[in-house]
Each structure stands twice: as C-alpha cells, then as structure tokens.
Amino acid sequence: QFELMGSWTPNPSDAILRSRDKLRAHQLLAAQGINLPTTVFGDSPDDTDDLLSLLGPPPHVVKLNEGTQGAGVVLTEKPSASRATVEALRGLYANFLVQEFVAEAAGADLRCFVVGDRVVAAMRRQAAEGEFRSNLHRGGQAAPAQATAQEQEMAVRSAQALGLEVAGVDLIASGRGPLVLEVNSTPGLEGIEAACGVDVAGAIVEHVASRVSIGNQ
C-alpha cells in the first residue's frame, strides 16, 4: 500500500515475495551463476525415486518452500526416511524442496548482513549439539566473523538478484567453495548487533536516508 502511495522502500513487496518463495529464489540465484547446494523440486507423486536419485545418497535436507527461522526443515539420514518425508508432504499438498546435505559445513553458516551494495556485518553461527540448523532461534551460537571478499561479493550479488537492498544472506562452506543457503528479506538485528557490536540499524537508516535524499533532488 505504501508503494502504491509513492513511498520508497529498500525491499519492495515483490522482492520480499521472491525471497520467501525458496524455489523462485533458487531459480533466480542460479540464473545469475551463484553457487547453491544441489536442489531438486518435483510435483508428481510418481517421481519421488527419480527426484532423490538426482541428489545421491542421504543425508538429505527437506525444506518447505516457505518457512523462516529453521521451521519446516527436516534432515533425513536414510533413503526410506527421505522417501517417507517426501510422500508425507505430498499427502499434505505442501510445496517443498530437497537439497544435498553439505557435511563440510559442520553445522555452521555465515550470516552476511547486506545494506545497499556492501556487507555491513557478518557473524558465524554454529548449531547446537545434536542440531543441524544453525538458526539462533534453534539454539545456535553466534560469533563475529570477517567475510572474505568472495563471500561479500556473493552476498551482495544474491541480494541484488532478488531486488533487495537490505538482506541477511546465509552462506555455508563446501568442498567446492562457499554456497548460498538462503536470502532473508526480513533479517533480525538483535543477534548480529550483539555478536558483532555493529550498529546495523543505523547503517540501514543511513542507507534509506541517502536514497530518499537523492530521489528528492
């Protein structure tokens, strides 16, 4: 509604919708040549075995197409578990993705907080013992981190590919280099500000103020 009234926003409503649709987001990121975990999607109840064979042997990560803070994400460690999870979700008419499990990440990811065309803060999140999701809401622990030039470039490109100027971009380490796990259009501030001691909110306000002042000239 604000957009229809002529207000400017760093994250347009269409960009937020793109980021929250995991399938669409992965398609857009892949089209830009951004490295991602191997991901499959299928809608036919007859293609379950073919779908899983594209990923190789378990573990597999099954994700609801829409979900935040690690909700709707399941790790399956046996072929029978992967098949049963896929069949159960299809029985509920749920949209979902299945991804490779990147063991090299060792339960850790890197959250890069993008504002405009730069990463203003980064933190390393480590999953709690017995948990594979590193989300702070799932008991993950955060520590300040210095993203490499490659990681920063990937994070900014990922946000821009979805049309976002403020985003939390999650990357994981793999044997083939960093992979983009997710782009969050509504990233929390408390965790990363506490971990890094960076005024992320202030950086967002400064960015918005600069864009609005430029638009008014």
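User: What volume does the largest cavity have?
Analyst: In this predicted model, a search of the whole structure finds one cavity of 30 Å³ or more. The volume of the largest cavity is about 50 Å³.

User: Which element gives the most to the lining of the largest cavity?
Analyst: The lining consists of Ser 19, Lys 22, Ala 25, His 26, Leu 29, Leu 181, Glu 182 and Val 183. Two elements, α2 (22–31) and β9, each give two or more residues to this lining. The element that gives the most, with four residues, is α2.

User: How many nonpolar, polar and charged residues are in the lining of the largest cavity?
Analyst: Among the lining residues are Leu 29, Lys 22 and Ser 19. By class, the lining has four nonpolar, two polar and two charged residues.

User: Which strands stand at the edges of the sheet?
Analyst: Five strands form an open sheet with antiparallel pairing, in the order β7-β6-β5-β8-β9. Two of these strands each have a single partner strand, so one side of each is left without a neighbour in the sheet. The edge strands are β7 (141–144) and β9 (179–184).

User: Which residue in β6 is the bridge partner of Val 115?
Analyst: Strands β5 (residues 108–115) and β6 (residues 118–126) run antiparallel and are joined by eight bridges. In β6, Val 115 has as its bridge partner Arg 118.

Notes: Residues numbered from 1 in each chain as written. Predicted model: local features only at pLDDT ≥ 70, side-chain atom pairs only at ≥ 80, totals over all residues. Heavy atoms only, no water. Pairing = 2+ DSSP bridges. 1 Å grid on protein atoms, 1.4 Å probe; cavity = no way out; pocket = protein on both sides within 12 Å on 5 of 7 lines; lining within 4 Å. Points joined across faces, edges and corners; volume = space filled by probe spheres on them. Nonpolar A, V, L, I, M, F, W, Y, C, P; charged D, E, K, R; others polar.
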